Amino acid sequence: MSGTSDPKGVSRRGLLAGAMAGSAYVALGCKPPAGRQELIGSPELLGRAAPHELPPLPYAESALEPHISAKTLSFHYGKHHKGYVDKLNEGVKATNLADLPLEELVRTLSGDESKQALFNNAAQTWNHTFYWRSMKPQGGGRPTGELAKRIEASFGGFDKLKQALAEAAKSQFASGWAWLVADGDKLAVTKTSNAHTPLEKGQRPLLTIDVWEHAYYLDYQNRRPDYVTAWLDHLVNWEFAAQNLA
């Protein structure tokens, strides 16, 4: 993870590799803690420290219809996600953490009750950027290649994985997230409450389903199971998960 760095400490070699890969991993000028890799949800998060920016959506607001409406995406992205970014930038000013890239900021703040509000905004900024890329227009289908092999080894088949993801998303009490993660040499399904993320446990997120009500309520009201079914059948981006596994 070494290489010639620019004055901001971002590896030029890492930037090139990240651009060639298209999304998943980049090398940063500073090494992450032992055993960790820097995982990103988009090139817009390339080692960026404050001020953090709201990255553009990877598709038009209407692109996920009829499963998620343009109205829902407009509020979710333009109000909720933007709000987390704005509050993160305001909150980090009063700390000595402004130079940390977003992912490392999330890890550093995890468990620090004195900075819970800042953690919430940092983690929700990261989670939402990752969520947008966990979906795509005309998504769904079945994964292929190495991801499919790992799913078979870890879950005993794609249908069992899909069932586990659906159950995690439907059963998460109140606000939270359902995740497919790499945990060591195994894949696993997990869920987190509120802003929490598998990054805090050293797991590598591959994709996520947002089950906060603002993700689906305008379209599905209290029918979260219908939203989860539509998400897995028509929106899930298995190519993104495969990139994050690579």
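Helices and strands here are DSSP runs numbered from the N terminus, H or I with at least four residues for helices, E with at least two for strands. Thr-190 has 17% relative accessibility, so it counts as buried. The cut-offs are under 20% relative accessible area for buried, over 50% for exposed, and partly exposed in between, with a 1.4 Å probe and protein chains only. Setting aside neighbours within four places in sequence, Thr-190 is in contact with Ala-168, Trp-177, Ala-178, Trp-179, Val-181, Pro-198 and Gln-203. Contact means heavy atoms within 4.5 Å.

Before I go on, a word on what we're looking at. This is a predicted model, where local features need pLDDT of at least 70, side-chain atom pairs count only at pLDDT 80 or more, and totals for chains, interfaces and linings use all residues. Residues are numbered from 1 along each chain as its sequence is written, and side-chain values use heavy atoms, with hydrogens and water left out.

Now the overall picture. We've got nine helices and three strands, and along the sequence they run α-α-α-α-α-α-β-β-β-α-α-α. Of the 246 residues, 49% are buried. Take the contacts with a separation of 6 or more, and 65% of them are between residues 24 or more positions apart.

On to helix packing. The axes of H3 (residues 102–109) and H4 (residues 116–133) come within 9 Å and cross at roughly 140°. Those axes are lines fitted to C-alpha atoms, for helices over the stretch in contact, and the angles run from 0 to 180 degrees between N-to-C directions. H3 and H4 are therefore oblique to each other; under 35 degrees would be roughly parallel, over 145 roughly antiparallel, 65 to 115 roughly perpendicular, and the rest is oblique. From H3, Leu-102, Glu-103, Leu-105, Val-106 and Leu-109 meet Leu-118, Phe-119, Ala-122, Ala-123, Thr-125 and Trp-126 of H4. That contact divides into nine nonpolar residues, one polar and one charged. For those classes, Ala, Val, Leu, Ile, Met, Phe, Trp, Tyr, Cys and Pro are nonpolar, Asp, Glu, Lys and Arg are charged, and the others, Gly among them, are polar.

Next pair: H6 and H8 pack at about 145°, axes 9 Å apart. Lys-162, Leu-165, Ala-166, Ala-169 and Lys-170 in H6 meet Arg-224, Pro-225, Val-228, Thr-229, Leu-232 and Asp-233 in H8. By class, this one has six nonpolar, one polar and four charged residues.

Most residues other than glycine have a negative phi, and most peptide bonds are trans. Here, though, the Glu-65 to Pro-66 bond is cis, omega near 5°, and Pro-66 lies in the loop between H1 (12–21) and H2 (70–92). Asn-194 isn't a glycine, yet has a positive phi of about 50°. Asn-194 is in the loop between S2 and S3 (204–210) and is partly exposed, at 41% relative accessible area. Gln-221, not a glycine either, also has a positive phi of about 50°. You'll find Gln-221 in the loop between H7 (217–220) and H8 (224–235), partly exposed at 35% relative accessibility.
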